[in-house]
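Here are some notes for a colleague who is coming to this model for the first time. Please keep the sequence and the 3D view open while reading.

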Amino acid sequence: MKKQLRIVVAAVCAFAMVGAFALTGCSSNNSSSTEQKPDTTQTEQAADNNKEQVELQVFAANSLSKAMEEVEAAYIADGHDNVSFADTQYKASGELNEMLGAGSYADLLISASKGSMDTAAEKGYVDSSTRVDMFKNDLVMVSKEGTDLKDVTLQDIADGKCTFCVGDESVPAGNYACQSLSTVGVYLPPASDEGKTGKDISGKGGTFADGYAPVLDTSVGNVCKHAQSGDVDVAFVYTSDVYRFGGVQIVGTVPADTHKNIVYPGAITSNCKNAEATQEFLDWCLSSDKAQEIWQKWGFELA
């Protein structure tokens with residue numbers, strides 16, 4: 001009987017010890033789990049603080065200047081304070097290509113015509129796989145604000161009723177204007193394009209017909225200023241330039257079927273040292289509601 005009692009007591013003690021070990025193990029595991037659980041908020045904040053500082057160099061068509069300045073500032077304010085922008089270069093698209101060809105550095109190129117970007121791609125200035133059509137624009141005729149001119153047509157220009165200004169061959173707006181003016185005989189395409197007019201020609205390499213002596217200038221901004229000052233009756237510019245400069249009013253819209261579609265392509269340059277950061281900025285320009293508000297404010301429509 002005593003022997004049986006000792007066996008029972010021993011069994012109870014054994015069960016008690018097993019239970020104690022089990023409780024201790026569970027407590028230890030729970031404690032370890034709690035201690036090892038990462039603080040997600042602190043991790044994210046640390047990641048943000050450790051983002052590499054990047055300076056991006058943008059080459060953009062002259063007509064984008066006002067809008068791009070606002071977009072760059074909005075991008076930094078929208079959680080990208082590790083990014084800064086070097087002195088963004090706003091030039092005629094042809095001049096931007098010349099700068100790249102001469103060795104100037106840029107991360108991103110935005111041209112005011114597909115033709116200019118085609119040239120950049122052919123010469124190896126940009127990575128063609130990153131190319132994307134960004135904006136659309138319209139070609140209009142403007143005069144000094146307060147003018148009595150209205151409803152000006154291409155035929156009015158052909159009839160000699162208005163003095164006019166267009167961009168030279170390095171300026172896409174000038175190319176588009178020459179394409180349109182060829183449909184009314186004011187601009188004569190080169191021999192290689194003989195018999196063609198409008199969107200079927202480049203708007204380069206030709207001459208103006210006898211009796212026409214337009215003012216030519218090296219940027220669409222300068223072209224607009226000629227109308228703004230009253231130097232000419234009419235200047236051929238983009239709709240966005242009316243928002244950008246002021247002091248002019250639209251007196252005629254150039255028919256869209258008389259020139260190539262006005263599209264602004266963007267692409268990362270071939271020697272870009274900040275490809276990932278540049279791509280993020282390019283994507284944001286096209287997807288962010290904040291960016292779209294700014295583009296529209298300055299007369300650009302996303303392509």
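Predicted model: local features only at pLDDT ≥ 70, side-chain atom pairs only at ≥ 80, totals over all residues.

1. A search of the whole structure finds 1 cavity of 30 Å³ or more, and the volume of the largest cavity is about 60 Å³. Its lining is made up of 13 residues, of which N62, A112, V171, P172 and V220 are the closest to the centre. By class, the lining of this cavity has 8 nonpolar residues, 4 polar ones and 1 charged one.

2. Helix α7, which spans residues 172-182, is mostly covered, with 11 of its 11 residues buried.

3. The largest pocket has a volume of about 260 Å³, and of the 14 residues that line it, S113, K114, G115, Q179 and K260 are the closest to its centre. Helix α7 and α5 (114-122) each supply at least two residues of this lining. The lining of the largest pocket divides into 3 nonpolar, 7 polar and 4 charged residues.

4. The second largest pocket holds about 210 Å³ of space, and its lining consists of 13 residues, with V54, N82, E276, A277 and E280 the closest to its centre. Helix α10, residues 275-287, gives the largest share of that lining, namely 4 residues. Sorted by class, the lining of the second largest pocket contains 5 nonpolar, 3 polar and 5 charged residues.

Methods
Residues numbered from 1 in each chain as written. Heavy atoms only, no water. 1 Å grid on protein atoms, 1.4 Å probe; cavity = no way out; pocket = protein on both sides within 12 Å on 5 of 7 lines; lining within 4 Å. Points joined across faces, edges and corners; volume = space filled by probe spheres on them. Nonpolar A, V, L, I, M, F, W, Y, C, P; charged D, E, K, R; others polar. Buried < 20%, exposed > 50% of the residue type's maximum accessible area, 1.4 Å probe, protein only.
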